[in-house]
Amino acid sequence: MIFYVDPDKIIMDISDVFKKRNLKNINFKYENLIGKDLSNSFLSGADLSEMDIHNSNFSGADLSNANLAAVISFSVNFRGTDLRQANLSDAKIWDSDMYGCDLRGSDLRGSDLFNTDLKSSNLEYADLSGAYLKNSDFEGSNLHGVEFTNTKYDKKTLESITDTKSKSKLKLQGIIW
C-alpha cells in the first residue's frame with residue numbers, strides 16, 4: 001500500500017497524495033482506490049486494469065493511454081476526463097458521470113455502460129463493439145467513426161444520439177434489446 005509522510009512526519013490520507021499529482025505510468029495493482037479523489041491528476045499510461053474504483057473521483061484527470069480493462073466503476077466521476085486511446089474493454093461503467101470526456105480512439109469493446117452520462121463527449125473513432133448500452137446518454141456527443149458492431153442498445157440510448165449518421169450506423173451494426 002502506498003502511504004505518504006509529509007516533511008513534518010504527519011501521515012496523510014492517500015487521497016491527498018493522489019489528487020493533482022503526476023502519476024504517469026503507475027501500476028496501481030495493489031492499491032485500494034475505492035472512493036478516492038484523483039481529480040485533476042496526471043495518470044497517462046497508468047494501469048488500473050481489473051480494479052474496483054467505485055465512488056472515486058477522476059474528474060479532469062488525464063487517463064490517456066491508461067489501461068482500465070475490466071475495471072469496476074460504479075458511481076465514478078469521470079467528468080471532463082481525458083481518456084484518449086484508453087483501454088476500457090470489458091469495463092463495468094454503471095451510474096457514472098462521463099460528461100464531456102475525451103474518448104477519442106478508446107477501446108470500449110465488451111464494456112457495460114449502464115445509466116452512464118456521456119453527454120458532450122468526444123468518442124471519435126472509439127470502438128464500442130459488443131458493448132452493452134442501457135440508459136446511456138450520448139446527447140451532443142461526437143460519434144464520428146465509432147465502431148458499433150454487435151453493440152447492444154436500448155431505445156432510450158438510441159434516442160439520445162442526435163447525429164443521424166451515427167444513429168443509423170448503430171441501428172445497422174448493433175442489436176436492440
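## Burial and surface

Of the 177 residues in this predicted protein model, buried residues make up 47%; buried denotes under 20% relative accessible area, exposed over 50%, and partly exposed the range in between, with a 1.4 Å probe and protein chains only. The protein exposes about 8,500 Å², and carbon and sulfur atoms supply 47% of that area.

## Secondary structure and contacts

The protein contains 3 helices and 6 strands, these being DSSP runs (helices: H or I, at least four residues; strands: E, at least two) numbered from the N terminus. Along the sequence they follow the pattern α-β-β-β-β-β-α-α-β.

A contact requires heavy atoms within 4.5 Å. Among contacts between residues at least 6 apart in sequence, 5% join residues at least 24 apart.

## Residues with positive phi

Most residues other than glycine have a negative phi. Asp 95 has a positive phi, near 50°, and lies in the loop between β2 (92–94) and β3 (112–114). With 45% relative accessibility, Asp 95 is partly exposed.

Ser 120, likewise not a glycine, has a positive phi of about 55°. Its place is the loop between β3 and β4 (132–134), and its relative accessible area of 38% makes Ser 120 partly exposed.

## Basis of the values

Residues are numbered from 1 along each chain as its sequence is written, and side-chain values use heavy atoms, leaving out hydrogens and water. Because the model is predicted, local features need pLDDT of at least 70 and side-chain atom pairs count only at pLDDT 80 or more, whereas totals for chains, interfaces and linings use all residues.

Definitions and conventions:
Accessible areas come from the Shrake-Rupley method with a 1.4 Å probe; for residues, only the protein chains shown count as cover.
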